[in-house]
Amino acid sequence: MLKINHLQARIEEKEILKGINLDIKPGEIHAIMGPNGSGKSTLASVLAGRSDYEVTGGSVEFMGKDLLELSPEDRAKEGLFLAFQYPVEIPGVSTTNFIKSAVNEKRKYLGQEPLDAAQFLRTMKEKMKLVEIDQSLLSRSLNEGFSGGEKKRNEIFQMAMLEPKLAILDETDSGLDIDALRIVANGVNQLRNKDNAFLVVTHYQRLLDYIVPDFVHVLYKGRIVRSGTKELAKELEEKGYDFIKAEVDQELA
Amino acid sequence: MMDSTQILKEAFEKQDVANGNLAAFQQENWKAFSGLGLPAIKHEEWKYTGIRNVFSDRLVINNEMNISPDLLKTLLIAGTEEANRIVFVNGRFQQSLSITTDHANDLCIKSLEAAAGDEDAPFVEVNLGHSQRYHRDGINALNAAFANGGVYIRINKGVTLKNPIVIYHIADSTLGKRCSHPRILVNMKEAAQAELVETFHNHGGGETLTNEVVEICAEKDAVLHYVKMQNEGEKTNHTGTTHIRQTGKCLTHAVTITLSGALVRNNLNMVMEAEHGECHMYGLYLLNGNTLADNHTIVDNAMPHCFSNELYKGIMDDASTGVFNGKIFVRKDAQKTNAYQSNKNILIGENAAANTKPQLEILADDVKCSHGCTIGKLDEDALFYLRARGISMENARAMLLHAFAKDVLEQINNGAIRKYAEQLVSDRLSSSI
């Protein structure tokens, strides 16, 4: 589904990704962990198409297409979803209208009829239950004045509405209390199936107790330096990142 | 070839002589205009707005008109069928095209000339030309010189009008560059409540120049909702002053929407002459092409405990320019004044520009006044967020601009007018920007 091959990217003059290789197949959950500044969020942003980053090398194939050639909106319509680490507050844009536009633009792209008001409402009600989000939140301006937890739940709600093939969760656990974390993870677990995949970017192992990954990768200094199963995450939790840093720095030296 | 001053002079001399009181006012103002001339850009108040250039030697000023009731029908705003309707053609009030739907005991609409000579004469005497205390310039005087085509509106004591008053200004540009001088004088008696809407149309789509003066005097406990809508196309030049005077504690609320024009200059004055007065001023200018829209506002606090709130927002595409100048005067006795002012601009076009200038003159020492202005581009993070959900660049931009404009549009009190304005803005945002 997603094939990342020796991906390199920089912001301004600073090289951040220095050759990422990653292969994600339908039905899989991958976790990317790593210390602060290792390039985790950069990877998420580059995949979603944020223009602040310049891709300087490598390739990314998504569903058989050259992802890097697509605009951010076309990536989304092809089935890529980024749950933002910091969802943007947009005063004056109603959450419901925004989601309706997003859903229907995607349907149009895929050659499907737009949802009418009744169908949309029905789908919305169903997905709202899934992420335990309240109607009152959705009638407000997009993320405006939402708490940290509400913003993250809104991200998962949007994911549920858009039914992506690959969802990238960028530090969705940051700033969440344990209840919100459980709700978010629960949403993800209910949405996973054999045809979709998740890339969970996180600093802590905590989230992975709830969303159990098939593979765990450690990102450090712009490269994936270790890959393993969920046991690797446990090990990191116990020993911290320092032991990997030390090992890798030694290898590089 | 005659220059514009000669054309104006000829038109002034040729017009029908009004009755005594109004004729004297016109004469006096013609003399003033002859002395003052048109404001030059070295005039601080007209720094960004070169009004002299729009007075060309091709001005057409006469009473010829070719506006039929059928044509008028095509201009009417949906949902305002019951409204009191006042029609101006080429700056002159047209009694035959106008209708009063509220009761005659509640609302009186008649020519300014009639009002200057009947029981309303004392009001006219005091209030006609009141705006000249703030705008001593040739433009205002020129309008006054042609005041005999004006209208007078009185809303009687304690009356809440059932229907809004919608004023349609139609300039007929089919015969050449039409120059019009509409004049409106409004008398809101104690506790009167009204919605007053002005909308402007250019019949023929040729060059026009409209120089308007509206003077409103609101007594104690009056409530006024005023809306000015400008969307006459790229060949329209407009200079206008709306002067609202509160002689008692009351509430006045104004929304000014400018969507097109060549050169547009709007003066809006709120004169707070009584304690505990409250006023609101909202503006939206959504510009493209080479349009220049210049909003000058004045809040004059003469008495204590007044409140004013002002929000003007601009979106400039292409090579358009938005100008905002907001003056707040707080006089010596106006303690406990609360005055807020904000001007926000988004530049979309490569060659678009915004000029903004708050001007506070505060002579009292116990007041709260704040002002702020911003000029920026569309928020890149917000754009990316919307696009990352699959919303196209164009739709994402339209969505953000619409959200930006909404704060002002939702201030329009009358539902039908608000809907009309929202539709015009939506159409514009989804097509040109």
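Accessible areas here come from the Shrake-Rupley method with a 1.4 Å probe. With that I looked up chain B, which exposes about 16,500 Å², 48% of it supplied by carbon and sulfur atoms. The model is a predicted one.

**Entry: chain B overall**

I listed the secondary structure of chain B and found nine helices and 21 strands. I then checked its radius of gyration, which is 21 Å; the globule rule gives 22 Å for 433 residues, so chain B is as compact as a globular protein of that length. I took the span of its C-alpha trace along the principal axes, and it is about 70 × 55 × 45 Å. Of the 433 residues in chain B, 61% are buried. I also looked at contacts between residues at least 6 apart in the sequence of chain B, and 84% of these join residues at least 24 apart.

**Entry: the sheet in chain B**

I traced an open sheet of ten strands in chain B, with mixed pairing and the order β3-β2-β6-β9-β11-β13-β15-β17-β19-β21. I noted that β3 (92-93) and β21 (368-376) of chain B stand at the edges with a single partner strand each, so one side of each has no neighbour in the sheet.

I picked one pair inside this order. Strand β9 (residues 193-203) of chain B runs parallel to strand β11 (residues 223-230) of chain B, and seven bridges join them. I followed B:Gln193 to its bridge partner in β11(B), which is B:Val223.

Next I looked at what lies across the strands. Helix α8 (residues 393-409) of chain B lies across β13 (251-258), β15 (278-287), β17 (307-316) and β19 (338-347) of chain B. I read its angle to β17(B) as about 150 degrees.

**Entry: chain A overall**

Buried residues are 53% of the 253 in chain A. Chain A exposes about 11,400 Å², with 47% from carbon and sulfur atoms.

**Entry: the interface**

I counted 17 residues of chain B in contact with 27 residues of chain A. The area buried between the two chains is about 1,900 Å², and carbon and sulfur atoms give 64% of it. I asked which residues of chain B lose the most area to chain A. They are B:Phe384, B:Tyr385 and B:Arg389, together 43% of what that side buries.

Technical notes. Residues numbered from 1 in each chain as written. Chains lettered and ligands numbered in written order. Predicted model: local features only at pLDDT ≥ 70, side-chain atom pairs only at ≥ 80, totals over all residues. Heavy atoms only, no water. Pairing = 2+ DSSP bridges. Helix = DSSP H or I, 4+ residues; strand = E, 2+ residues; numbered from the N terminus. Contact = heavy atoms within 4.5 Å. Axes fitted to C-alpha atoms, helices over the stretch in contact; angles between N-to-C directions. Buried < 20%, exposed > 50% of the residue type's maximum accessible area, 1.4 Å probe, protein only. Buried area = accessible area lost by both parts, 1.4 Å probe. Rg over C-alpha atoms; globule rule 2.2 N^0.38 Å.
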